[in-house]
Amino acid sequence: MLRSVQHKKLAPEGYVYISYGAAKYLKHAVASVISLRRYDKERPVALICEERHKKTLESQNLTDIFDVIHIIAPKRASIVGFKHNIHEYLFFDRNLFLDSDIVWCKNPDPLWKSLEPFAFTITGTQVADNFFGGPKNVGVVSDIILRRRKRTLKRFGLTYLSRVQTGMIYVQDYNLAKRVGDLSKKMLASKHETHFRSRTLEHGRSEESCEWSMAMAMSKLD
């Protein structure tokens, strides 16, 4: 079933998965929903995917696994293209965006309850470790000695940096999600003014990370 994002929300709470690129990500999303349905048979699940992934689901008679299938625009089919514009995909009043590699091992009801007070939040830790957004080897030592992170935070008027992990994002406020996304784009565009390294420089990585830019945006917006 293909639907466009609508102003009228489809349900009070629901899960949203994203799938593009290699077929394995679609397989992971299907497997994740199957594990989810062991515990939650009520909340609807939306899939945002490429047209060819939708056709794969149809050929395997798997479309009924998802309550909503929405085709992603090519310009959004990347990590930053999607997660910096997550406000465009609010199918439900309260949305839980999930990476496809999540396996559910317990009832998610307590998770929904703990997230309910937030208008927008991302899982992670309050204080980022020294490797966050930096080199994943001994090169991080020079960042620490030269206090590059502290200089970055001071340059952008930030007092702290959290370690956000965007495999799980909770959104129920469109305007706030858009503010975070728009500011994240500006932070990423100013990468040359920061100490952060491009994730594309890492072995096996072809896409830019969205996490440090979103962490900076959330810090700026407090």
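The buried residues of α6 pack against α8 (211–220). Contact here means heavy atoms within 4.5 Å. Helices (H or I, at least four residues) and strands (E, at least two) are DSSP runs, numbered from the N terminus. The model is predicted, so local features need pLDDT of at least 70 and side-chain atom pairs count only at pLDDT 80 or more, while totals for chains, interfaces and linings use all residues. Residues are numbered from 1 along each chain as its sequence is written, and side-chain values use heavy atoms, with hydrogens and water left out.

Helix α6 spans residues 148–155, and Arg-149, Thr-152 and Leu-153 are buried in it. These residues lie on the same side of α6 because they cover an arc of only 95° around the axis. The arc is that of the directions from the helix axis to the C-beta atoms. Lys-150 and Lys-154, on the other side of α6, are exposed. Buried means under 20% relative accessible area, exposed over 50%, and partly exposed in between (1.4 Å probe, protein chains only). Just after α6, Gly-157 takes a positive phi of about 70°.

The chain as a whole comes to eight helices and six strands. Along the sequence they follow the pattern β-α-β-α-β-α-β-α-β-α-α-β-α-α. The chain has 222 residues, of which 47% count as buried. Among contacts between residues at least 6 apart in sequence, 76% join residues at least 24 apart.

The second largest pocket holds about 340 Å³ of space. It is lined by 18 residues, and the closest to its centre are Phe-120, Thr-121, Tyr-160, Met-218 and Asp-222. The elements that give two or more residues to this lining are β5 (120–125), β6 (163–171), α7 (174–189) and α8. Strand β5 gives the largest share, six residues. By type, the lining residues divide into nine nonpolar, seven polar and two charged. Ala, Val, Leu, Ile, Met, Phe, Trp, Tyr, Cys and Pro count as nonpolar, Asp, Glu, Lys and Arg as charged, and the others, Gly among them, as polar. On a 1 Å grid over the protein atoms alone, a pocket is an open set of points with protein on both sides within 12 Å along at least five of seven lines, and lining residues have an atom within 4 Å of a point. A volume is the space filled by probe spheres set on the points.

Phe-120 lies in strand β5. At 8% relative accessibility, Phe-120 counts as buried. Not counting residues up to four places away in sequence, Phe-120 touches residues including Ile-86, Ile-169, Leu-176 and Met-218.

Rings of Phe, Tyr and Trp (its six-membered ring) pair if their centres lie within 6.5 Å; planes under 30 degrees apart count as stacked, over 60 as edge-to-face and the rest as tilted. The count comes to seven aromatic pairs. Tyr-15 and Trp-104 form an edge-to-face pair, 5.8 Å centre to centre, with 75° between the planes. The pair links distant parts of the chain, 89 residues apart: Tyr-15 is in strand β1 (residues 13–19), Trp-104 in the loop between β4 (94–98) and α4 (109–115). Tyr-15 is buried at 0% relative accessible area, and Trp-104 at 7%. The pair of Phe-91 and Phe-92 is tilted, because the ring centres are 6.1 Å apart and the planes at 50°. Tyr-15, Trp-104, Trp-112 and Tyr-170 form one aromatic cluster.

How values were computed: On a 1 Å grid over the protein atoms alone, a cavity is a set of points where a 1.4 Å probe fits but cannot get out, and a pocket is an open set with protein on both sides within 12 Å along at least five of seven lines; lining residues have an atom within 4 Å of a point.
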